[in-house]
Each structure stands twice: as C-alpha cells, then as structure tokens.
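Morning, everyone. I have one structure to go through, so please have the sequence and the model open.

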Amino acid sequence: MRFLVLLLVSFSSIAVCYKPVILMHGVLADDEELLVLEDMILKTHPKTEILRITLYDNLFSVFPMWHQVQKIIPMVQDFMSKHEEGVHLLGYSQGGLISRAILEMTEHNVDTFISLSSPQGGQFGVTNVFRKFLPAALANYTREDVYKFFYSTEGQLVSLGGYWYDPHHLDKFRDPELRVFLATLNNQTDNPSSLEYKDNFLKLKHMVMISGPDDLVITPWQSSYFAAYDENEEVLEMQEQPWYIEDSFGLRTMDKLGKLHKYTIPGVYHTHWYRNASVFDCCIVQWLT
C-alpha cells in the first residue's frame with residue numbers, strides 16, 4: 001500500500017512538470033514587456049522555469065540582426081544545455097525572427113516555437129512604429145523608396161533592413177554581397193550553411209504562428225504566416241512563396257508533417273498580443289506543456 005502511494009505521488013510530480021520557456025521580446029522594448037505573459041504562464045503552469053532574454057532592449061534592439069543573434073545565442077545555448085528534456089521558445093514581433101535565426105543556426109533542443117505576430121515573410125510597410133528606424137533625412141520616404149536605404153551597407157546596420165522585403169527589388173534582397181538577414185534565413189541567397197540551417201529548423205516538433213487582420217504594424221499581417229506581397233502588392237500565401245515551394249529551409253516539410261499550426265485572431269493590435277488573456281488561453285498555453 002505504501003509503495004502504491006509513493007508511486008502515485010511520483011506520477012503526480014511528473015504530471016506537473018512543464019518544459020522551460022524562453023521569451024524573446026520585440027523591437028524598441030525590453031524583456032519586461034513580457035512580464036505579463038510570464039505571469040500568465042506561471043499561473044497556469046506553476047514553477048515553469050522561464051528565461052527572458054535581457055539583451056538588446058529599447059534602442060539597442062535596432063542594432064543589426066546578425067549582431068543581435070550572435071550575442072544572444074550563447075545565453076540561449078547555456079539555458080538549453082541545462083534542460084536536456086527540451087524547452088519551448090516564444091518570440092514576439094522582431095523577436096520571432098531572432099528566435100528563428102537561433103533555431104536555424106544552432107543544434108537546439110526546442111520542442112515548440114511560438115511565433116507571435118512576427119514578420120516571418122518580411123516587412124513591407126513604413127508604419128509609425130517602423131518609421132522610427134529611418135534616419136531623419138529619410139523620415140518622409142514612402143515604402144516604395146525606402147529600399148534605397150535598407151538595401152545598402154548602411155541600411156543593413158539597422159535591424160529592420162535585415163527583414164525588409166520589397167517585392168519590386170528582390171534582386172537587391174537576394175544580393176549575396178549585402179547578405180540580407182531574412183534572405184539568408186530563407187536560403188534565398190548564398191549561404192554555405194544552408195543544409196545546416198534546414199536540418200536545425202526541422203528539429204522542431206511544432207511551430208505555432210499567431211496573428212490577425214487588426215495587427216496594423218506587421219505589413220502585410222499575413223507575413224506572420226510566411227506570406228508576402230508579390231510585385232502587384234497582392235498577398236501571396238505561404239504555399240505560393242518560393243521558400244515554401246523549394247522547401248529551402250524545411251518549411252514545406254514541416255507543413256506536410258503537420259508541424260505548422262496557424263491561429264488568426266481579429267481585434268488585436270500589435271502591442272497587445274503578449275498581454276491578451278484570450279490569445280494566451282486559445283493559442284499559447286496548450287503548447288507549453
């Protein structure tokens with residue numbers, strides 16, 4: 001009888017163990033913006049170990065994407081090495097692209113990657129949030145003109161330049177001399193580590209993509225599902241994109257294996273995703289077990 005009680009207690013302890021979670025903040029913000037999300041996680045999954053990435057906050061978040069990723073990787077690897085059972089990774093907005101780069105560039109042990117309103121298909125809209133990235137002399141540039149800055153050596157020193165996706169100038173986006181961040185992640189330009197990027201991405205068990213039509217910052221908002229504008233500025237869905245058709249980094253394989261999960265939630269503005277309890281309850285919490 002005593003043995004049975006101990007066994008039941010042991011099973012009960014196992015049942016309430018949740019995988020650790022890594023949280024990556026968005027642009028022009030810091031790790032504290034995700035405290036609300038952390039609190040929701042701990043209320044539903046008590047004692048979950050959580051790592052909030054504290055690097056590159058506020059104005060430092062506009063540093064080049066490559067620079068940020070290289071500095072954040074050691075922090076993430078150290079955390080993962082302490083949790084052989086695996087971890088979950090949630091990246092919000094620009095942080096979702098940084099998170100994806102970490103996945104592709106490391107032999108990670110991430111179980112589920114949650115991409116929360118993140119421009120996985122790139123950004124092609126100078127909203128008020130993104131206008132802050134532009135030098136004062138370019139503040140009045142339209143999205144049709146801003147490629148002249150972003151697709152330059154100077155423009156690649158700004159984080160948004162790393163994922164600016166102008167459908168009218170894809171030759172510049174794919175220019176191997178510029179080594180545009182998103183083009184490299186997509187394996188759309190010369191990348192000597194392309195096979196490694198793909199193999200690492202395919203280690204994921206699940207990728208969860210969350211967005212909605214009232215985001216009003218990510219442009220097009222369907223970019224959060226790897227969609228992007230074509231040359232007519234009409235949205236081409238993920239399945240019509242070259243990186244999906246060519247399976248250049250494993251996205252089509254993930255889709256065919258049923259590892260991609262998509263949520264579309266109306267009525268949520270961009271800066272509300274991580275603090276919206278309804279979004280957490282319907283789209284996030286079940287993936288953090």
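Predicted model: local features only at pLDDT ≥ 70, side-chain atom pairs only at ≥ 80, totals over all residues.

How many bridges join strand β1 to strand β3, and do these strands run parallel or antiparallel? There are 4 bridges between β1, residues 21-24, and β3, residues 87-92, and the two run parallel.

Now the whole sheet. It is open, has 6 strands with parallel pairing, and its order is β2-β1-β3-β4-β5-β8. At the edges are β2, residues 50-52, and β8, residues 260-264, each of which pairs on one side only. On average, neighbouring strands here are turned by 15° against each other, direction ignored. Helix α12, residues 277-284, lies across β3, β4, β5 and β8, and runs at about 150° to β5.

Next, helix α3, residues 65-81. Its 17 residues should span 24 Å at 1.5 Å a residue, and the end C-alpha atoms are 24 Å apart, so the two values agree. Even so, α3 has a kink of about 30° at I72, shortly before the proline P74. Buried residues in α3 include W66, V69, I72, I73, V76 and M80.

The largest nonpolar core has 58 residues, and I22, W164, M207 and L251 touch the most other members. Helix α3 gives the most to this core, with 8 residues. Leaving out residues up to four places away in sequence, L251 touches F201, F226, M238, W243, Y244 and L260. There is also a second, separate core of 25 residues, with V208, Y263, I265 and C283 among them.

Note on methods:
Residues numbered from 1 in each chain as written. Heavy atoms only, no water. Pairing = 2+ DSSP bridges. Axes fitted to C-alpha atoms, helices over the stretch in contact; angles between N-to-C directions. Contact = heavy atoms within 4.5 Å. Expected span 1.5 Å × (residues − 1). Bend = angle between axes of the 7 residues up to and from the residue. Buried < 20%, exposed > 50% of the residue type's maximum accessible area, 1.4 Å probe, protein only. Core = buried A, V, L, I, M, F, W, Y, C linked by side-chain atoms within 4.5 Å.
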